[in-house]
Each structure stands twice: as structure tokens, then as C-alpha cells.
Amino acid sequence: MRLDKYLKVSRIIKRRPVAKEVADKGRIKVNGILAKSSTDLKVDDLVEVRFGNKLLTVKVLEMKDSTKKEDAAKMYEIVSETRIEEDA
């Protein structure tokens, strides 16, 4: 499944165009490698998403096209969520 679609379906990012924009600006890594919105995800991949001053790392558990809220929560596991300190 494409990275941008996975982020939308899993509800990590609410809208697919936003997920595409975030990926294309170089703010997402898959298994430590900078990822584009078209990157193909697989089960057990580690996805790092940078939201402003927060870094969210999740592990992909399953792939589904379902958009039910309760199914979305089962699609990934949060590995870490850290705050990034900006240098002034």
C-alpha cells in the first residue's frame, strides 16, 4: 500500500493530500530512509513522521482499506513519540 494512503486509512494523518505533502517535503522516513508519498509499505515497517516539533514512530501491523475508526487503531503500534527541541 502507498505511504500516503496508509497514513490516511490508519488515521495517523487525517487527509491524503496532507499526507502526500508531508512526505514530499521530506518529513517522513520508512525504516530510516527518506520516503516519498508513493513509497510501498509492508507489514513490520517502521514509519517516522515529523509533525512540527514532534517525532512519531510507528510500526506497521496490518494493511487494510477499511476506514472504520476501530480498525484504524489496529493498523499500527506506536513505538515512540518524542518532542524535538529546536535550536534558537
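**Strand pairing and salt bridges**

In this predicted model, strands β4 and β5 run antiparallel to each other and are joined over seven bridges. They belong to an open sheet of five strands, arranged in the order β2-β1-β3-β4-β5 with antiparallel pairing. The edges are taken by β2 (33-34) and β5 (76-83); each has a single partner strand, so one side of each is left without a neighbour in the sheet.

Next along the strand, Leu56 stands opposite Glu81 in β5.

Glu81 also takes part in a salt bridge with Lys54, at 3.1 Å from N to O. This pair connects strand β4 to strand β5 across 27 residues of the chain. Both partners are partly exposed, Lys54 at 32% relative accessible area and Glu81 at 46%.

Across the whole structure, eight salt bridges are found. One of them brings together Asp4 and Arg2 at 3.0 Å; Asp4 is buried at 3% relative accessible area, whereas Arg2 is partly exposed at 35%. Together with Arg16, these two residues form a salt-bridge network. The unreviewed UniProt entry annotates residues 1-62 as "domain: RNA-binding S4", a span whose end C-alpha atoms lie 10 Å apart.

Notes. Residues are numbered from 1 along each chain as its sequence is written. This is a predicted model: local features need pLDDT of at least 70, side-chain atom pairs count only at pLDDT 80 or more; totals for chains, interfaces and linings use all residues. Side-chain values use heavy atoms; hydrogens and water are left out. Two strands pair if DSSP finds at least two bridges between them. Helices (H or I, at least four residues) and strands (E, at least two) are DSSP runs, numbered from the N terminus. UniProt positions are given in the numbering used here, feature names are shortened, and annotations may be inferred rather than shown by experiment. A salt bridge is a side-chain nitrogen of Lys or Arg within 4 Å of a carboxyl oxygen of Asp or Glu. Buried means under 20% relative accessible area, exposed over 50%, partly exposed in between (1.4 Å probe, protein chains only).
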